[in-house]
Amino acid sequence: MTKILIADNQCISNSGWKYILHQWSSNIAILEASTKSELINNLETESVDLVILDYSLFDFNSINEIIILHQRFSLVKWLFFSDEFSEE
């Protein structure tokens, strides 16, 4: 079973991701995190295959924090989305 962690604190996009994922496959487990600490806790305690992250809604200080998380949990795949992308 594939474990997908939705890291998003907006109900509407969170519900949309759940709908899309359940349409895509019935062989998935969906985990949720609405804060950065919940995200890290799930990554430490679960065998997460994919993180879907709206990074602009979390309290990341910079992209470097996300890079460090990726390096720390190198087997996890990451999908980023946001309405606030910048060139940084």
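W17 and F81 are both buried (under 20% relative accessible area with a 1.4 Å probe on protein chains only; exposed is over 50%, partly exposed in between). The model is predicted: local features need pLDDT of at least 70, side-chain atom pairs count only at pLDDT 80 or more, and totals for chains, interfaces and linings use all residues. Residues are numbered from 1 along each chain as its sequence is written, and side-chain values use heavy atoms, without hydrogens and water.

**Aromatic pairs**
- The whole structure holds two aromatic pairs (ring centres within 6.5 Å, taking the six-membered ring of Trp; planes under 30 degrees apart are stacked, over 60 edge-to-face, the rest tilted).
- W17 and F81 form a tilted pair, with centres 5.3 Å apart and planes at 55 degrees.
- W17 sits in helix 1 and F81 in the segment after strand 4, so the pair links parts 64 residues apart in sequence.
- W78 and F80 are stacked, at 6.1 Å centre to centre and 15 degrees between planes.
- W78 is buried at 15% relative accessible area, while F80 is partly exposed at 36%.

**Sheet**
- Pairing requires at least two DSSP bridges between two strands.
- Four bridges join strand 3 (residues 50-53) to strand 4.
- L50 stands opposite K77 in strand 4.

Note on methods:
Helix = DSSP H or I, 4+ residues; strand = E, 2+ residues; numbered from the N terminus.
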